Structures are given as structure tokens and as C-alpha cells.
Amino acid sequence: MSRSSRTRRFAALVRKESFQVIRDPSSILIAFVLPLILLFLFGYGVSLDTTRTRVGLAIEETTPLTNDLAASFQASRYFSVTTGRDRRLFEEDLVLSHIRGIIVIPADFSRNYAAGNRPQVQVIVDGSDPNTANFVQNYVQGAVANWQLQQQSELAAGGPPISVEQRFWFNPELTSRSFLVPGSIAIVMTLVGTLLTSLVVAREWERGTMEAMMATPVTAAELLAGKILPYFVLGLTSMTLCVLLAIFLFGVPFRGSVLALYALSAVFLMPALGQGLLISAITKNQFLASQLALITAFLPAFLLSGFLFEINSMPTVIQWITFIVPARYLIPSLQTVFLAGDIWPMFLHAILVMFLIGSVLFLLAARSTRKRIA
């Protein structure tokens with residue numbers, strides 16, 4: 001068959017699928033109405049506490065006093081501490097979200113403490129996550145206060161008060177919606193990509209139209225591509241609407257590039273759409289497809305991606321499971337695009353992992369969607 005014939009056949013498939021999307025009220029509901037509801041819900045903030053937060057501890061002078069203070073941070077059950085001599089050693093880790101804050105014991109700490117001046121402990125935190133930033137700030141203050149009480153008890157004398165200076169990167173006002181709204185866009189794309197695709201294709205299995213299409217000369221690759229292309233465009237359109245609302249309605253800053261935004265979103269739709277196709281091919285039933293999509297796509301994206309709960313606070317087994325959740329890689333990347341700007345080493349890693357997960361899901365979907373009547 002000539003290339004022009006294959007092109008016309010593929011264009012007819014895409015046109016047929018696009019018309020079906022337009023005529024289907026459930027597609028419009030899931031793609032545009034439900035995302036707006038979720039965006040408004042998370043736009044007004046959700047507050048959660050975390051434990052075992054990773055921080056860097058910069059000890060700029062080594063004295064018995066500073067070592068004792070550092071030991072109080074290391075012994076805290078609220079922190080997982082990595083120590084160093086220079087705060088600059090931790091700046092890249094903070095930008096890449098490998099740690100959530102930097103605690104700095106300055107070089108003049110012991111001298112000011114001995115002179116009766118007011119020594120300072122500086123806390124630099126990632127303001128793109130206001131809940132964790134507040135957590136780090138409050139527990140650093142608590143750890144310093146407990147350490148000073150211990151010093152006063154041992155020396156039977158009161159030392160000078162210690163002040164804790166806070167600096168918040170990326171989100172100085174610690175606005176909850178600046179952190180939650182970008183993350184909720186990943187939840188929206190999961191719904192559009194996985195839930196909508198699995199429902200629509202499963203409905204075709206129920207009605208018998210999928211078998212009718214398989215009886216035509218259309219290849220399995222053309223069938224899958226014709227199915228996903230309209231939903232790929234629909235997913236990017238829904239994402240664009242959410243981004244515009246985030247910027248102009250909720251006032252979330254956008255410091256990155258449009259290229260990074262669409263590159264991350266487009267690659268994320270690969271595993272989302274592939275999972276939807278796989279679910280529909282396995283179940284061939286709308287009810288089962290919806291339940292399986294919620295359990296295997298929406299709930300993991302909601303609960304196991306770091307969107308609401310700190311991954312480091314989860315049991316080790318659950319932490320390993322999160323590595324196969326695509327939203328785990330998209331959510332911090334979107335938050336970085338909005339609040340910090342383009343950090344391509346982080347984005348390229350996320351793109352690579354999401355592409356690999358999507359490739360595996362598409363291969364499984366292609367094997368399950370065999371060109372025969374089941």
C-alpha cells in the first residue's frame with residue numbers, strides 16, 4: 001500500500017477519534033470541568049506536616065560548642081542531616097530539591113556566644129514547598145532552644161540568646177497555592193490522559209466498534225496512534241488552560257520557559273496515555289476501566305508522588321514503589337518551572353524516566369491490543 005494511502009487512512013482515524021471526543025460529553029467533563037474543580041480546590045491550600053526532612057548542615061567553624069550544637073540537629077528525629085564546612089556545597093542540592101533546607105552555623109558563632117553577643121544560626125529553605133519550609137524553620141528554632149537550655153543547665157549560667165535567621169528561596173511569601181497549583185496540574189493531566197483514554201477505548205470494546213475497526217486493513221500501530229493523538233492534544237489543551245488560570249487567577253509566578261513546560265507535559269502524557277490504553281485493552285469494560293484507572297493512576301499520582309506527603313516520610317517499600325509513578329517526576333519539575341525557572345539537569349532526568357515508563361506501557365498496550373476479535 002502506498003504511503004499516501006496510509007496517510008489518508010491514518011488521517012481518517014484521527015478525524016473519526018476527534019469527532020468522537022467533541023461529541024462525547026464525558027470527554028469535555030473530564031478534560032475541562034473536572035480540572036477546574038480540582039484547580040480551585042487545591043488553589044485554596046492544603047497544609048500537611050512532614051518528618052525526617054533532608055537538610056544540609058554547614059559548620060563554618062569547628063569548636064566544641066559548634067560541634068555540640070551540630071549534634072543536636074543530627075540527633076533530631078525530624079531531620080536527616082548531611083554535614084559540610086561550606087554552605088555552597090549544598091546550594092545545588094537545594095535547587096534540585098535533593099534537600100529541603102540548609103542550616104548554617106557561622107564562623108563567628110563561638111566568639112559571639114563567648115562574648116555574650118547574640119549569635120545567629122541561619123536557615124535557608126526551599127520556599128517552593130511552604131509546608132516543609134515552615135516545618136524546617138520551626139524545628140530548627142526548637143532544636144536551638146533545647147540545645148541552649150541544655151547548655152544553661154550544664155553551665156548553671158545563662159548564655160546569650162541565639163537568633164535564627166530565615167531565608168526562603170523561590171517562594172519568599174510561602175504562599176500555599178504557589179506550591180499546590182502547579183502540582184495539581186499533574187493530577188489533572190493524569191485524569192485526562194489515563195482515566196479519559198481508558199474509559200473511551202473501553203466503551204468501544206463494549207459497543208463492538210473496536211472489533212469492527214480491527215476488521216479493516218488498519219494496523220495495530222496506526223490504530224493506537226490514531227487513538228492517542230486526539231487525547232494527546234486534549235491533554236496539552238487542558239494543561240494550557242490550567243497554567244493560564246494558575247498565572248492570571250491564582251497569581252502563581254512563572255519563571256521558567258514555555259519550552260520546558262510543554263516538553264515535560266508532552267513526555268508525561270506518554271505514560272499517562274499508554275496506561276489508559278493498556279487498562280482499556282485488559283478490561284474492555286468501562287466500569288472496570290474506571291476503577292483500575294483510579295487505583296493505578298489517580299491515587300498513586302495523588303498520594304505517592306510527593307504532592308501531599310513527603311516521600312522520605314513513607315515506609316521504605318512504599319518509597320521504592322514511587323519510582324514507577326510518573327507524577328513523582330512531573331510534579332517537582334512543574335513546581336521548579338513555575339517558581340525557580342529552567343533547571344535542565346533536573347528536567348532531563350525526569351523526561352528520560354517518564355519516557356522509559358511510557359515506552360514500556362505502550363509496548364504492553366500494543367501487545368494487548370492484538371488485531372483480532374477477542
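Predicted model: local features only at pLDDT ≥ 70, side-chain atom pairs only at ≥ 80, totals over all residues.

## Salt bridges

The model contains two salt bridges. In one of them, the side chain of glutamate 60 pairs with that of arginine 87, at an N to O distance of 2.9 Å. Glutamate 60 belongs to the loop between strand 1 (53-59) and helix 3 (64-74), and arginine 87 to the loop between strand 2 (79-84) and helix 4 (88-95), so this pair ties together parts that are 27 residues apart in sequence. Glutamate 60 is partly exposed, with a relative accessibility of 24%; arginine 87 is likewise partly exposed, at 22%.

Aspartate 86 and arginine 88 also join their side chains in a salt bridge, with 2.7 Å from N to O. Here aspartate 86 is partly exposed at 25% relative accessibility, whereas arginine 88 is exposed, its relative accessible area being 61%.

## Packing of helix 10 and helix 11

Helix 10 (residues 258-283) packs with helix 11 (residues 286-303) at an angle of about 140°, and their axes lie 9 Å apart. Because angles over 145 degrees would be needed for roughly antiparallel, the two helices count as oblique to each other. The crossing of helix 10 past helix 11 is right-handed.

On the side of helix 10, the contact involves Gln275, Ile279 and Thr283. Helix 11 contributes Leu288, Ala289, Leu292, Ala293, Thr296 and Ala297. By residue class, this contact comprises six nonpolar and three polar residues, and no charged ones.

How values were computed. Residues numbered from 1 in each chain as written. Heavy atoms only, no water. Salt bridge = Lys/Arg side-chain N within 4 Å of Asp/Glu carboxyl O. Helix = DSSP H or I, 4+ residues; strand = E, 2+ residues; numbered from the N terminus. Buried < 20%, exposed > 50% of the residue type's maximum accessible area, 1.4 Å probe, protein only. Axes fitted to C-alpha atoms, helices over the stretch in contact; angles between N-to-C directions. Parallel < 35°, antiparallel > 145°, perpendicular 65-115°, else oblique. Left-handed = near helix turned anticlockwise from the far one by under 90°. Contact = heavy atoms within 4.5 Å. Nonpolar A, V, L, I, M, F, W, Y, C, P; charged D, E, K, R; others polar.
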